[in-house]
Amino acid sequence: MKVLMIVPLVSRDGAFGGPVAVAIEQAQALRRNGEEVTLAAGWDGRPIGLKPSGTLNIRLFRCLRIAPGLTGLVSLGLVLYAFMNLRKFDAVHIHAGRDLISCSVLVAVRMTRTKVVIQTHGMIMPDARSLVRALDRVLIRRALGAARCVIVLTETEAAGIRAVASSATIERLPNGISAGVAQGAKRDDDLVAFISRLHPRKNLRVFLEAAAIVSEQRERTVFEFYGPDEGSLADGLQFIADNPSVNVRYGGALTREGVIEVLTRASVFVLPSEGEVFPMAVLEALAAGAVPVVSDSCGIASDLEKFRAAVLVDSTPEAVSTGVLHVMSSRTSRERLVRGGRAALQDWLDIDRIARELINLYRGAPTTSRDFSNVGLSGEGAVGGRSSDGSV
């Protein structure tokens, strides 16, 4: 089967976040399962270390910025390529949001009347803003409704998609990752890492204030944060300047290889942002052996709890610091959490199993997951609050 997978943007700094890592993992797993995959993406022109491999072809198209932020990027080359080639593939899988590149590709899909699989990664949810509602009426609703299926990650996302496009065919499939993504580096028992886009909703400040609390009890602990700036870097650098006694540093934006290298060294990975749908960085931490300390509002909190693979906390400095200390103060607890992470990777997040599910979807067969057509917006399936005592 010839598969075309489209992602809006790949860049050295990982600005488009988790969907890029998801697409790469899926493409590589499809290739291992014998499919011929072309990964096409917008590109900012900087080296990214992504190379063709076997039956995995890479097509990158330069982007132009016509407005600030990721939503202001366009890639005429990618849109033209999609328009000219969509119907030459047996299956087309688009990782799409409401950004201009995604919307332009969806226009090409509509014009060519191609049946595609769309995966939205929580980026298309109900939004009351008038401009967004107009875009949904003109394009998004029709594109989702005409797709072969829309892949969602959680029940809450399924409800959101149903609210945007009631006629969409919805299939639930988790993100996945190769369990062998990181091996062999020396673990630093005193290293705590934060890796994310530095956007206010990611709660970098919570991580930094938690670092100050932990440092009062464990002076040798090192805190590192990484990611492209989207509004929070200045505050982070000011915190460093104002708190010289806290051993914290900013390491810049990372390539995916850099993310894995840091997580392989780190003892703890912290993600205190609220409302994350299915954060790929948590999967990367599990694969690398870094214990995640994650907000209990995360869309996969209940699954992490099931496998005892993470520490779930409130998104406050006090709760996060308690969770970090819980991991770092007990080798037995840490080893138990790492074992839970391995079980999650094997039983829930196995990318090769997910690739076989994708192949079924491309052929028009449903996944083995349940139907979400009756999920409402009442909050059904959302994760409730958890205690912040560090237990899992």
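Author: We can go from the overall build to single residues. One caution at the start: this is a predicted model.

Reader: Fine. How many helices and strands are there in the protein?

Author: The protein has 13 helices and 15 strands.

Reader: And what is its radius of gyration, next to that of a compact globule?

Author: The protein has 21 Å. A compact globule with 392 residues would come out near 21 Å, so the two agree. The C-alpha atoms fill a box of roughly 60 × 45 × 40 Å along the principal axes.

Reader: How much of the protein is buried?

Author: Buried residues make up 55% of the 392.

Reader: Where is the largest nonpolar core, and which residues have the most contacts inside it?

Author: That core has 66 residues. Ile 6, Leu 30, Ile 94 and Leu 144 have the most contacts inside it. There is also a second, separate core of 39 residues. Phe 269, Ala 301, Ala 309 and Ala 310 are included there.

Reader: Why would nonpolar side chains be buried together?

Author: In soluble globular proteins they tend to be.

Reader: Is H5 mostly covered or mostly open?

Author: Mostly covered. H5 runs over residues 155-164, and eight of its ten residues are buried. Charged names are on the buried list too, including Glu 155, Glu 157 and Arg 162.

Reader: What covers the buried residues of H5?

Author: The cover includes helix H4 (130-146), strand E8 (149-152) and strand E9 (170-172).

Reader: Which residues line the largest cavity?

Author: The lining is Leu 286, Gly 289, Ala 290, Val 291, Pro 292, Ala 309, Leu 337, Val 338 and Gly 341. Ala 309 also belongs to the second core.

Reader: What classes are those, and which element gives the most?

Author: Seven are nonpolar, two are polar and none is charged. Helix H12 gives the most, with three residues. Strand E14 (291-295) and H12 (331-347) each supply at least two.

Reader: Now backbone angles. Which residue other than glycine has a positive phi near 55 degrees?

Author: His 121 does. Arg 113 also has a positive phi, about 55 degrees, and is not a glycine.

Reader: E7 keeps coming up. What about Gln 119?

Author: Gln 119 is in E7. It counts as buried, because its relative accessibility is 1% and the cut-off is under 20%. Beyond its sequence neighbours within four places, Gln 119 is in contact with residues including Val 22, Gln 26, His 93, Ile 94 and Asn 175. Ile 94 is also among those with the most contacts in the largest core.

Reader: Which residues is Val 324 in contact with?

Author: Val 192, Val 214, Val 268, Val 270 and Val 293, leaving aside neighbours within four places. Val 324 is in helix H11 (317-328) and counts as buried at 2%. Val 324 and Val 192 are 132 residues apart in sequence, but 8.1 Å apart in space, C-alpha to C-alpha.

Reader: Last one: what does Ala 21 touch?

Author: Arg 256, Met 280 and Glu 284, not counting residues up to four places away. Ala 21 sits in helix H1 (18-32) and is buried, with a relative accessible area of 7%. Its C-alpha is separated by 8.9 Å from that of Ile 177, 156 residues away along the chain.

Key
Residues are numbered from 1 along each chain as its sequence is written. This is a predicted model: local features need pLDDT of at least 70, side-chain atom pairs count only at pLDDT 80 or more; totals for chains, interfaces and linings use all residues. Side-chain values use heavy atoms; hydrogens and water are left out. A nonpolar core is a set of buried Ala, Val, Leu, Ile, Met, Phe, Trp, Tyr and Cys residues joined through side-chain atoms within 4.5 Å. Buried means under 20% relative accessible area, exposed over 50%, partly exposed in between (1.4 Å probe, protein chains only). On a 1 Å grid over the protein atoms alone, a cavity is a set of points where a 1.4 Å probe fits but cannot get out, and a pocket is an open set with protein on both sides within 12 Å along at least five of seven lines; lining residues have an atom within 4 Å of a point. Helices (H or I, at least four residues) and strands (E, at least two) are DSSP runs, numbered from the N terminus. The radius of gyration is taken over C-alpha atoms; the globule rule is 2.2 Å times the number of residues to the power 0.38. Contact means heavy atoms within 4.5 Å.
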